[in-house]
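I opened this notebook to record what I looked up about the ligand and the charged pairs. My entries follow the structure shown here.

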Amino acid sequence: MKDDFSIKGEVIAALEGIDDPASEGLNVVDSHMVEQVEVDKGVVDIVLVMEADRDRKERFAIEDAVYDSVEAIGGVSDVKVKTMTPKALEREARGESPTPRAKPAAPSGPQGGAGAAGQQQATMPASAPIEGVGRVIAVASGKGGVGKSTVAVNLALALQKLDYRVGLLDIDIYGPSLPTLLGVDERPAVSNRRILPIEASGLRLMSLGFLMEDDSPVIWRGPIVTGIIRQFLRDVDWSGIDYLIIDMPPGTGDAQLAMAQTIPVDGALVVTTPSDLALIDAARGLQMFKTLNVDVKGIVTNMSRFIVPSSGEEFLIFGDPKEVEKEAKRLEVPILGEIPLDTQVRRGGDEGKPVVLADPESPVSQAFIDLAESLVETTPLVEEGAEEEGKKGLFSFLKK
Ligand code: ADP
C-alpha cells in the first residue's frame with residue numbers, strides 16, 4: 001500500500017505536467033492555480049482557482065487533464081476537483097461560505113508511520129541542483145522542541161570553524177527561529193531579481209522570519225508553502241557556498257515534499273531527544289526521507305544528558321541515550337552526534353549568540369564541532385577518488 005504522503009508527491013508532480021494556457025510556459029502549479037492538494041486514504045481532494053472570466057472550454061480542458069493524470073496514479077482511489085474563483089476563495093477563507101472543505105493543509109504524515117517500511121517511492125520530478133552550492137544538508141526532527149534549530153545553527157557555525165563556507169536556510173514556516181537565534185533583524189536586499197542572503201557571523205542566512213512583518217504565527221496552505229520554499233531555494237543567491245544547512249519544519253509535511261522535489265538533497269540529519277515520544281516521531285521522519293529518496297546521514301541525540309559543571313555528575317533528563325542507540329541500530333542509521341543539555345546553549349539562543357560563537361572552547365561547543373566533523377566525513381565536498389582531497393571546499397578559491 002502506498003501511503004498518502006507518497007501519493008501527494010506524485011499528485012503534485014503530475015499537476016506540474018499540466019500547462020496553464022493562460023500563463024505562458026507555466027504549469028498549473030507554478031501559475032498558482034492549485035490552491036490545495038489533500039490526500040486521505042487514497043482519496044485526492046484538489047482545489048483549483050481560476051478567474052470568473054476564464055474561457056469555459058479552457059477550464060474544462062484543465063479539469064479533465066487534472067482528473068486524468070491524477071486518476072492514473074497508483075494508490076489513488078478517487079479524485080475530487082473543485083474549481084473556485086479567487087473571490088469565492090476569499091469569502092470562504094473569511095468563513096462566509098459554508099462550502100465543505102477538506103482539512104487545512106497542516107503537515108500530514110505518512111499514514112503507516114514508523115513501521116510502514118518498504119512502501120513504494122514517490123515519483124519525483126527531476127530536480128536541478130542549486131548553482132554554486134557544494135552540499136545540501138537538511139536538519140529535521142519528528143516533533144518540535146527537541147532542539148532542531150539550535151543544532152542547525154551551531155552545526156553551521158561549527159562547519160565554518162572547520163573552514164567551510166556555510167549557508168543556513170530556515171524554512172521552518174511555522175516558527176522561523178533563525179533571526180532570534182543569531183540576533184539578526186534585517187531585511188534581505190534584492191539584486192538583479194535575486195534575493196541576497198543576509199551575512200552575519202560569517203554565515204549566509206535566509207529565513208522567512210526576515211520577511212515577516214511581525215511574529216504572529218502564519219498558517220499557509222500547501223501550495224503556498226511549496227512556492228515559498230522553491231523561491232528560497234531557487235531565487236536566493238547561494239553561490240559560493242560549500243555546505244547549505246536547511247532548518248526544516250518539524251514533522252512530515254508539505255515543506256519536506258517541496259524541498260525534495262525542488263533540489264537534490266545530499267543528506268538529512270534527524271534530531272531527537274532520548275524521550276520515547278521524540279524517538280517514535282524521529283523514526284517517522286526517517287521513514288519519510290526514505291520515501292523522498294533522501295539519504296539520512298544519521299541521528300543527532302540532543303539534550304542527551306546533563307552534566308553538573310561543578311561535580312561532573314551526570315543526569316538523564318529526557319530518557320536514556322542508550323534507547324536512541326537501540327533505535328538507531330534497529331533503523332540502521334548511525335548516531336552522528338550527541339549534544340549534552342547545557343544551560344549555555346539555551347542562553348546563547350535567547351541572547352542571539354549561539355554557544356559555538358559565545359564559548360567555542362566549551363565541551364558542548366566541542367560536541368557540535370565533533371558533529372560537524374562526522375557530517376563532513378559522511379558527506380565530503382569532493383567525492384572519494386576525485387582529484388582534490390575532501391577537506392578544502394569546492395569554492396575555497398572564493399574564500400576571503
Ligand atoms: P526546535 O527547533 O526543535 O523546535 P529549538 O532549537 O527551538 O527546538 O530548541 C528548543 C529549546 O531548547 C530552546 O529554548 C533551546 O535553547 C533549548 N535547547 C536546545 N538544545 C539544547 C541543549 N543542548 N541544551 C540546553 N537547551 C537546549
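Entry 1, charged pairs. I took a salt bridge to be a side-chain nitrogen of Lys or Arg within 4 Å of a carboxyl oxygen of Asp or Glu. The model I consulted is predicted, and side-chain atom pairs count only at pLDDT 80 or more. On this basis I noted 19 salt bridges in the structure.

I looked up the salt bridge between Asp254 and Lys8, whose closest N and O atoms are 2.6 Å apart. This pair links distant parts of the chain, with Asp254 in helix α7 (residues 254-262) and Lys8 in helix α1 (residues 4-15), 246 residues apart.

Entry 3, the ligand shell. Which residues are closest to the ligand? I found Gly145, Lys148, Ser149, Thr150 and Asn302 to be the closest of the 15 residues that surround the ligand. By class, I recorded six nonpolar, six polar and three charged residues in this shell.

I found the ligand in the largest pocket. The elements that each give two or more residues to its shell are α4 (148-161), β12 (296-307), β14 (335-341) and α10 (343-350).

I noted a polar backbone atom of Gly147 at 2.9 Å from an oxygen atom of the ligand. A polar backbone atom of Lys148 is likewise 2.9 Å from a ligand oxygen atom. For Arg346, a polar side-chain atom lies 3.4 Å from an oxygen atom of the ligand. Taken alone, the ligand exposes 560 Å², of which the protein buries 82%.

How values were computed. Residues numbered from 1 in each chain as written. Predicted model: local features only at pLDDT ≥ 70, side-chain atom pairs only at ≥ 80, totals over all residues. Heavy atoms only, no water. Near = heavy atom within 4 Å. Polar contact = N/O pair within 3.5 Å; in protein donor to acceptor, adjacent residues only side chain to side chain. Areas by Shrake-Rupley, 256 points an atom, 1.4 Å probe, with all protein chains shown as cover. 1 Å grid on protein atoms, 1.4 Å probe; cavity = no way out; pocket = protein on both sides within 12 Å on 5 of 7 lines; lining within 4 Å. Sits in = over half its atoms within 2 Å of the grid points. Helix = DSSP H or I, 4+ residues; strand = E, 2+ residues; numbered from the N terminus. Nonpolar A, V, L, I, M, F, W, Y, C, P; charged D, E, K, R; others polar.
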